[in-house]
Amino acid sequence: MTGLVFTDLDGTLLDHHTYRWDAARPALERLARAGVPVVLCSSKTRAEMMGLQERLGLGGPLIVENGGAVVLPDGGPLAGAFPDRLGELPARVFGTPYPRLRDALDGLRHVAGARLRGFGDAGPDEIARWTGLDPAAAAAAAAREFDEPFLWEPEPSPVAVARAEAWLAARGLRLTRGGRFWHLTGDNDKGRAALWLADAVASATGARPRTLALGDGANDLPLLAVADTGVLVARPDGTHLPGAPAGVVLEPGIGPEGWRRAVERWLGEVQGPRCKNSDR
Ligand SMILES: [Mg+2]
């Protein structure tokens, strides 16, 4: 079976509060035994994601900063499909350079007349306070390339959000929401990057992989929409993000526990009874 799993990190593979993935580990191990690559797909930076990928024991491509780029830290047969370079690594860039996003956040602050505080306005200490990350992880989170996370306080009205979206859209930019922050990006999202990567894998291997995507937040919806199977795991309070596209599976398990259940169910479906037995 050729399969490909795309996953969000915070609140999905990683616990929303503790950033741990113990509950998902059995399913990660089953995917490794089945030879199914796991592609991390997050609003986190390249620096953060390369560290996490290593700690998770994974390899292969990464989708960084809400689909701002697909990068390939460890080279390999797919490298020829990547037309760009990001810090010497093979990459496919979709995003808008960070300095332009910082200028746009200044403009938006003015237009919205609101208190918008971005990662670029804060030092690693403040980012550590916001996120609960340790100082080294907060410094990696501050190394932005294609996505500016920001706090918008007090919580904006739907009208204020729509006005901000229109102002940004006129400049080819987008507003999306992750678990903790608003995100200002270029005209990119996780779904567009995942689709490009699935195509690249299909060209390299001659077979289209069956895709599973897992997420928990609004910025994951474009990703869930393009996968063969899209799964929304439950949030810490047991509810699901409203507004999931038709066909998306609402997994009742929370975060990494829901991740494990959904992946095991999907493996059972795509491997069929024979492979499932031989996997025990
Ligand atoms: Mg999330």
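Guide: Two residues are in contact if their C-beta atoms, placed from the backbone, lie within 7 Å. The model discussed here is a predicted one.

Visitor: With which residues is Leu 72 in contact, leaving aside its neighbours within four places in sequence?

Guide: Leu 72 has its place in the loop between β4 (69–71) and β5 (84–86). Leu 89, although 17 residues apart from Leu 72 in sequence, is 6.3 Å apart from Leu 72 in space, C-alpha to C-alpha. Once the neighbours within four places are left aside, the contacts of Leu 72 are Pro 61, Leu 78, Ala 79, Phe 82, Leu 89 and Pro 90.

Visitor: Is Leu 72 buried or exposed?

Guide: A residue counts as buried if 20 or more other C-beta atoms lie within 10 Å of its own. Because Leu 72 has 21 other C-beta atoms within 10 Å, Leu 72 is buried.

Visitor: How many residues of the contact of α3 with α6 are nonpolar?

Guide: On the α3 side the contact is made by Ala 104, Leu 108, Val 111 and Ala 112, and on the α6 side by Ala 160, Ala 164, Trp 167 and Leu 168. No polar and no charged residues are found in this contact, and the number of nonpolar ones is eight.

Visitor: Over which residues does pLDDT stay under 50?

Guide: The protein averages a pLDDT of 94, and 97% of the residues score at least 70. Where pLDDT is low, the predicted coordinates should not be read in detail. The pLDDT stays under 50 over residues 275–280.

Technical notes: Residues are numbered from 1 along each chain as its sequence is written. This is a predicted model: local features need pLDDT of at least 70, side-chain atom pairs count only at pLDDT 80 or more; totals for chains, interfaces and linings use all residues. pLDDT is the predictor's confidence in each residue, from 0 to 100. Helices (H or I, at least four residues) and strands (E, at least two) are DSSP runs, numbered from the N terminus. A residue is buried if 20 or more other C-beta atoms lie within 10 Å of its own, exposed if 12 or fewer, and partly exposed in between; C-beta atoms are placed from the backbone. Ala, Val, Leu, Ile, Met, Phe, Trp, Tyr, Cys and Pro count as nonpolar, Asp, Glu, Lys and Arg as charged, and the others, Gly among them, as polar.
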